[in-house]
Amino acid sequence: MGLDRFSEILGAMLLGKSAVAPDHRVAEVKIGDLADACVQLKDYGNAFLLDAFALEDYAQPGGYRIYYTFDLSAGSGGFITLWARMDAQQPVYPAVSPHIHAADWFEREIYEMFGITPAGHPLLGGFIFREGDEQDLFPLRTRRQNENTVRPLENRLAGKKTTGIVEGDGVFEMPLGPVYSGVAEAVHFTLSSIGEETLWVSPRLFYKHRGFEKAAENLSPEQVVLLAERISG
């Protein structure tokens with residue numbers, strides 16, 4: 001699919017469009033049409049999902065914007081980003097992951113960072129905050145909850161327990177990470193195995209999440225570049 005065809009594919013779902021680069025188009029749709037629009041790009045445009053994320057909508061205080069970016073490399077090349085506005089009073093939208101599996105982790109991050117629910121996602125919670133009762137704090141919201149409503153960390157971890165995914169005779173559970181003698185990102189893996197056969201791998205990511213998204217807000221482009229250059233250090 002060429003960049004000139006995405007309007008035809010989205011049809012009446014398209015509310016507006018613009019170009020942010022010669023090979024990158026941005027298209028606005030209604031929040032209720034977002035999942036359908038993503039499926040249309042995948043099925044009829046041969047597009048691949050690259051990223052999905054949320055931002056607070058500073059043009060309309062009290063709301064959010066949800067973004068899904070696709071690569072058109074299977075066609076003539078280029079990128080398309082679909083986005084939709086959402087009311088913060090009802091932060092729920094139809095999940096894309098039941099139709100496009102690549103959206104799975106992106107939507108789980110959106111849920112835990114902002115408290116926005118992708119309805120229909122098969123497994124929300126326990127992705128970044130493994131202790132589910134920690135999810136009374138959404139780090140990327142500007143309007144943070146009253147500090148009195150967030151229980152101290154030691155209280156939240158008091159009931160922490162590990163539940164085995166794979167059980168049976170001969171099953172061995174091995175932790176790996178999160179510290180490595182290399183430059184890899186800090187990740188903890190729990191592997192369940194019998195002999196040489198690995199039956200299940202459960203990754204725990206985001207050990208180094210430091211809120212750079214929030215730190216970058218209201219900075220100039222030059223300052224954001226300076227910040228981005230220091231993220232991996």
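**Exercise 1. How much space lies in the second largest pocket, and which residues and elements line this pocket?**

Solution. The model is a predicted one, in which local features need pLDDT of at least 70, side-chain atom pairs count only at pLDDT 80 or more, and totals for chains, interfaces and linings use all residues. Residues are numbered from 1 along each chain as its sequence is written, and side-chain values use heavy atoms, with hydrogens and water left out.

Step 1: the second largest pocket holds about 750 Å³ of space. A pocket is, on a 1 Å grid over the protein atoms alone, an open set of points where a 1.4 Å probe fits, with protein on both sides within 12 Å along at least five of seven lines, whereas from a cavity the probe cannot get out; lining residues have an atom within 4 Å of a point. A volume is the space filled by probe spheres set on the points, which are joined across faces, edges and corners.

Step 2: of the 31 lining residues, Phe53, Glu109, Leu140, His209 and Glu213 are the closest to the centre of this pocket.

Step 3: two or more lining residues come from each of β3, β4 (63-71), α3 (104-114) and α5, and β3 gives the most, seven residues. These elements are DSSP runs numbered from the N terminus (helices: H or I, at least four residues; strands: E, at least two).

**Exercise 2. Describe the lining of the largest cavity.**

Solution. Step 1: the structure holds one cavity of 30 Å³ or more, and the largest cavity has a volume of about 50 Å³.

Step 2: its lining consists of Ala54, Leu55, Glu56, Phe114, Leu140, Glu213, Lys214 and Glu217, with at least two residues each from β3 (48-57) and α5 (212-216).

Step 3: by class, this lining has four nonpolar, no polar and four charged residues, where Ala, Val, Leu, Ile, Met, Phe, Trp, Tyr, Cys and Pro count as nonpolar, Asp, Glu, Lys and Arg as charged, and the others, Gly among them, as polar.

**Exercise 3. Work out the strand order of the open sheet that three strands form.**

Solution. Step 1: the order is β8-β9-β10, with antiparallel pairing (two strands pair if DSSP finds at least two bridges between them).

Step 2: β8 (172-176) and β10 (197-204) are the edge strands, each pairing on one side only.

Step 3: five bridges join β8 to β9 (residues 188-194), and Pro175 stands opposite Thr190 in β9.
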